[in-house]
Amino acid sequence: MARHKKLETVEDEDPKLDISSLIDVCFLLLIYFIVATSLIQERKLDMSMPGQSVSENASQIEPALIRIIKDGTIYWGKDNSLMIDNDMNNHNLATLVQQLEAKKQEASAVGTKPVVQLWVEGDVPHQRVIDVMNALTEAGITTVALPDLKDD
């Protein structure tokens, strides 16, 4: 009797994709973006929209006027008589904060809130407006008007 050995056929396994390394990369990217976005913290600006009623005391004190022109220069007053700052890289506007605090004290003496009108020309970089808003927050001024500035 002859011994016959049956050959076992090796079954080809289906190719499998090992996704553990892909999951690791996804988690690393997720951690990177979480850390990168939490590095910059903006100050909180509490703003309330104006209501329908107008305060009687609002007319007792003239509003402070701040104008930001296209090149980022900040002026104080109706006739732009006082230039506050013209350096776009200066985010700490100490002179403006001093002017605003003086305006706040003036309004407190009369018993009203200080009102600031912020005039911004169309091509001013947004960071410059944020710098001024941060100065308003630092001075404790919450009543800000943004009038429409039309080209003359």
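The model is predicted: local features need pLDDT of at least 70, side-chain atom pairs count only at pLDDT 80 or more, and totals for chains, interfaces and linings use all residues. Residues are numbered from 1 along each chain as its sequence is written, and side-chain values use heavy atoms, with hydrogens and water left out.

Start with the inventory. The protein has three helices and five strands. Helices (H or I, at least four residues) and strands (E, at least two) are DSSP runs, numbered from the N terminus. Along the sequence they follow the pattern α-β-β-β-α-β-α-β.

Five strands form an open sheet with mixed pairing, in the order 3-2-1-4-5. Strand 3 (82–85) and strand 5 (143–145) are the edge strands, each pairing on one side only. From one strand to the next, the twist averages 30°. Two strands pair if DSSP finds at least two bridges between them. Strand 2 (residues 74–76) and strand 3 run antiparallel and are joined by three bridges. Ile74 has Asp85 in strand 3 as its bridge partner.

Helix 3 (residues 126–139) lies across strand 1 (64–68), strand 2, strand 3, strand 4 (115–120) and strand 5. Helix 3 runs at about 170° to strand 4. Such angles run from 0 to 180 degrees between N-to-C directions, with axes fitted to C-alpha atoms, for helices over the stretch in contact. Contact means heavy atoms within 4.5 Å. Among contacts between residues at least 6 apart in sequence, 67% join residues at least 24 apart.

Next, burial. Of the 152 residues, 24% are buried. Buried means under 20% relative accessible area, exposed over 50%, and partly exposed in between (1.4 Å probe, protein chains only).

A salt bridge puts a side-chain nitrogen of Lys or Arg within 4 Å of a carboxyl oxygen of Asp or Glu. Glu121 and Arg67 form one of them (3.2 Å, N to O). This pair links distant parts of the chain, 54 residues apart: Glu121 sits in the loop between strand 4 and helix 3, Arg67 in strand 1. Glu121 counts as buried at 17% relative accessibility, whereas Arg67 is partly exposed at 23%.

Glu106 and Lys103 form a salt bridge too, with the closest N and O atoms 3.9 Å apart. They are three residues apart in helix 2 (residues 94–110), so about one helical turn separates them. Glu106 is partly exposed at 43% relative accessibility; Lys103 is buried at 10%.
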